[in-house]
Amino acid sequence: MNRLSTSWGAFTLTRFPEDPRDQLRAWDASDEYLLGHLAEAGTDLSGTVAVVGDRWGALVTALQAAGPRELVQISDSYLGVRATRANLARAGAAPDAVRLLTTQDPPPERVDVLLVRVPKSLALLEDQLHRLAPAVHADTVIVGTGMVKEIHTSTLRLFERILGPTRTSLAVKKARLIHTIPDPALTPGPNPWPHRYALPADTPAPGLPGLTVTNHAGVFCADRLDIGTRFFLANLPGGLGGARVADLGCGNGVVGIAIALHEPEAELVFTDESYPAVASAEENFRAHLGAGRKAEFLVGDGLAESASGSMDLVLCNPPFHSHQATTDRTARRMFADARRALRPGGELWVIGNRHLGYHVTLRRIFGNSELVASDAKFVVLRAVRKA
């Protein structure tokens with residue numbers, strides 16, 4: 001838990017899920033820089049203020065105290081939305097103080113102040129700027145923010161190509177601001193997202209080669225089949241019958257779809273904390289398995305809300321980054337939640353980089369870990385819930 005001081009008050013903020021051992025803050029210097037700039041510049045916040053990429057709700061929690069007519073947060077992250085709700089409640093904000101939208105929802109029709117926390121994914125930034133461009137008018141104030149290492153020439157080109165002339169500020173505490181003047185005469189062209197491509201002919205899973213997959217902006221490795229997934233596809237379990245199978249951290253759903261195509265009686269559950277990922281997985285599954293095939297598509301905190309003993313098999317390719325921070329915290333939570341969700345005798349299959357040492361983590365949580373396959377970079381591991 002940490003305290004962010006602003007011109008509109010001081011706010012105690014946390015990430016989600018809350019963990020007193022977590023040393024990562026719910027805000028950084030770029031959030032401070034943006035809030036300080038808005039106050040010092042006397043920016044008129046009385047209209048519709050849209051905030052994109054507010055990772056844990058620090059920006060909207062502070063800005064709601066400024067009393068805008070309408071304050072909107074647009075997020076791609078379920079965990080980010082949960083953190084925002086908790087931070088707003090802790091600040092004593094009214095339940096309707098902020099309208100919480102996902103990146104899959106229609107954006108506001110008019111935006112008077114557009115604030116953009118630069119995301120890690122350039123594709124997600126491109127998609128959101130395209131979506132919001134029609135809502136921007138000649139007097140809209142547009143300010144982006146990010147740490148210096150997050151703002152590249154390609155970032156600035158997107159603002160300039162889609163919204164208007166763009167410049168950056170001096171760096172403060174390794175953070176920068178992006179200032180854009182809206183140009184209503186710009187014609188940026190069509191939004192290239194979602195992106196579609198055909199899986200390569202050598203994709204190592206029956207039924208997948210040549211299939212077209214849809215990827216909404218922000219999905220991991222949205223323009224190609226990544227090498228880790230490729231290795232996992234070559235080493236998936238079989239003979240599942242009517243097993244209930246979770247594709248945990250499903251991304252665009254290719255792993256779960258491979259199981260569904262090869263195991264016609266299996267019941268699939270696709271879950272991810274990313275709204276665009278689950279939207280991609282559902283679109284891809286329905287395109288290739290049809291409306292009649294039973295499956296669930298859940299945006300949530302992994303398997304944390306699944307019933308104990310409700311899964312026979314969990315397949316997982318866990319992330320090892322939380323935005324710019326490298327951490328195994330997410331993987332550990334995913335493994336622990338998977339163990340609880342599995343029935344006795346149920347199995348967790350994990351793909352990971354060799355250097356991450358997931359076999360040690362799995363032994364701590366499950367009491368066992370077996371190497372299924374390996375190459376120079378990746379390992380596939382299997383752990384069984386004993387009781």
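## Ground rules

Two strands count as paired if DSSP finds at least two bridges between them. Strands (E, at least two residues) and helices (H or I, at least four) are DSSP runs, numbered from the N terminus.

What you're looking at is a predicted model, where local features need pLDDT of at least 70, side-chain atom pairs count only at pLDDT 80 or more, and totals for chains, interfaces and linings use all residues. Residues are numbered from 1 along each chain as its sequence is written, and side-chain values use heavy atoms, with hydrogens and water left out.

## Strand β3 and its partners

β3 covers residues 48–52 and runs parallel to β4 (residues 70–75), with five bridges joining them. It also pairs with β6 (residues 111–117), again in the parallel sense, over four bridges. V52 shows both pairings: it stands opposite I74 in β4 and opposite V116 in β6.

In a regular strand, side chains alternate between the two faces of the sheet. Here both faces of β3 are covered, with T48, A50 and V52 buried on one side and V49 and V51 buried on the other. Buried means under 20% relative accessible area, using a 1.4 Å probe and protein chains only.

## Where α9 meets α10

Helix α9 (residues 329–341) and helix α10 (residues 358–366) have axes that come within 10 Å and cross at roughly 40°. Those axes are lines fitted to C-alpha atoms over the stretch in contact, with angles running from 0 to 180 degrees between N-to-C directions.

On the α9 side, A331, R332, F335, A336 and R339 meet Y358, T361, L362, I365 and F366 of α10, contact being heavy atoms within 4.5 Å.

Methods
Buried means under 20% relative accessible area, exposed over 50%, partly exposed in between (1.4 Å probe, protein chains only).
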